[in-house]
Amino acid sequence: MTRAAPPAPLPVRARPTWRAAGQLLACVLLVLASAGFVAGGLLGDAGVGGAAFLALGAVGLVLFGAGTLLSAGALLARRPVLVLEEGGVRRPARWPLPRRADRFLPWDEVHSLAALRRGVEGRRRGEQEHLVFLRSAELTELARTADRPMLVALTLSDIPPSAGLPAGAGRAHEWCVLVQPGWDVTLPELVKQIRARRPLPVVDRRSR
């Protein structure tokens with residue numbers, strides 16, 4: 001009997017958004033405005049005003065030019081936000097960082113998954129869904145039994161030692177993933193794909 005082939009790596013990407021396109025356009029316009037300042041400083045009077053225009057334009061070209069490169073690079077590179085692999089989950093480094101800066105978590109180190117909601121309904125961002133890769137039985141029990149306000153600790157990086165949380169809670173945020181609406185994979189499908197690679201228990205605390 002032939003063994004089923006392991007699932008192929010699954011990259012999870014964020015779709016391009018109008019907001020990202022707007023940020024790029026804003027940076028381009030600011031670069032053009034900065035170039036205008038430089039031109040005004042070079043062609044105008046060689047006095048204090050001309051020098052000020054030239055300095056402001058030069059600073060703007062550097063700052064907004066870098067912003068344009070970063071925005072355009074992120075849109076064109078379209079690096080995945082997550083990659084599910086046979087041996088674990090990978091968090092690719094953001095462009096322009098090199099790929100050796102990726103972070104990798106082997107499935108053997110994952111004890112369970114926790115689906116959480118954080119935020120306030122009715123605000124601009126509302127409630128946001130998070131998926132946390134929990135690395136101990138103690139954190140799994142915390143996710144299963146703690147009150148919802150306490151679960152926010154799994155998404156934070158600045159938990160004080162006096163919080164009385166299990167060991168490892170202060171590092172849970174390292175593998176807490178904010179699930180964006182613009183991803184090409186929904187949270188239920190993401191969990192399904194993870195469990196196809198590793199049958200991990202899932203603690204769903206989004207509604208209780």
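Let me start with contacts. In the protein chain, 58% of the contacts with a separation of 6 or more are between residues 24 or more positions apart. Please keep in mind that this is a predicted model.

Next, the overall layout. The protein chain has five helices and eight strands. Read from the N terminus, the elements go β-α-α-β-β-β-β-β-α-α-β-α-β. The chain counts 208 residues, and 31% of them are buried.

Four strands form an open sheet in the order E1-E2-E3-E4, and the pairing is antiparallel. Its edges are E1, residues 10–12, and E4, residues 103–106, each of which pairs on one side only. On average, and with direction ignored, neighbouring strands in this sheet are turned by 15 degrees against each other. E1 and E2 run antiparallel and are joined by three bridges. Take Leu10 as an example: its bridge partner in E2 is Leu84. What lies across E1 and E2? That is helix H5, which runs at about 40 degrees to E2.

As background, nonpolar side chains in soluble globular proteins tend to be buried together. Here the largest nonpolar core has 21 residues, and the members that touch the most others are Val89, Trp107, Leu113, Leu131, Phe133, Leu190 and Ile194. Five elements are listed as supplying at least two residues each: strands E2 (82–84), E5 (112–119), E6 (127–134) and E7 (176–179), plus helix H5 (187–197). Which of them gives the largest share of this core? It is H5, with four residues.

Apart from its neighbours within four places in sequence, Leu190 is in contact with Val12, Leu82, Leu84, Leu131, Trp183 and Val185. There is also a second, separate core of 14 residues, with Val132, Leu154, Ala172 and Val203 among them.

On to strand E6. Six of the eight residues in E6 are buried, so the strand is mostly covered under a cut-off of 20% relative accessible area. E6 pairs with E7 in the antiparallel sense, over four bridges. Within that pair, His130 stands opposite Leu178 of E7.

Then the empty space. Rolling a probe the size of a water molecule over the atoms shows where such space is left. How many cavities of 30 Å³ or more does the structure hold? The count is one. The largest cavity contains about 50 Å³ of space. Its lining consists of Leu116, Arg117, Arg118, Arg148, Leu151, Val152, Thr155 and Arg205. E5 has the largest share, at three residues.

Leu43 belongs to helix H1, which covers residues 18–43. Is Leu43 buried or exposed? Its relative accessible area is 77%, and because the cut-off for exposed is over 50%, Leu43 counts as exposed. Leu54 comes eleven residues away from Leu43 along the chain, and their C-alpha atoms are separated by 9.8 Å.

Terms used:
Residues numbered from 1 in each chain as written. Predicted model: local features only at pLDDT ≥ 70, side-chain atom pairs only at ≥ 80, totals over all residues. Heavy atoms only, no water. Buried < 20%, exposed > 50% of the residue type's maximum accessible area, 1.4 Å probe, protein only. Core = buried A, V, L, I, M, F, W, Y, C linked by side-chain atoms within 4.5 Å. Contact = heavy atoms within 4.5 Å. Pairing = 2+ DSSP bridges. Axes fitted to C-alpha atoms, helices over the stretch in contact; angles between N-to-C directions. 1 Å grid on protein atoms, 1.4 Å probe; cavity = no way out; pocket = protein on both sides within 12 Å on 5 of 7 lines; lining within 4 Å. Points joined across faces, edges and corners; volume = space filled by probe spheres on them.
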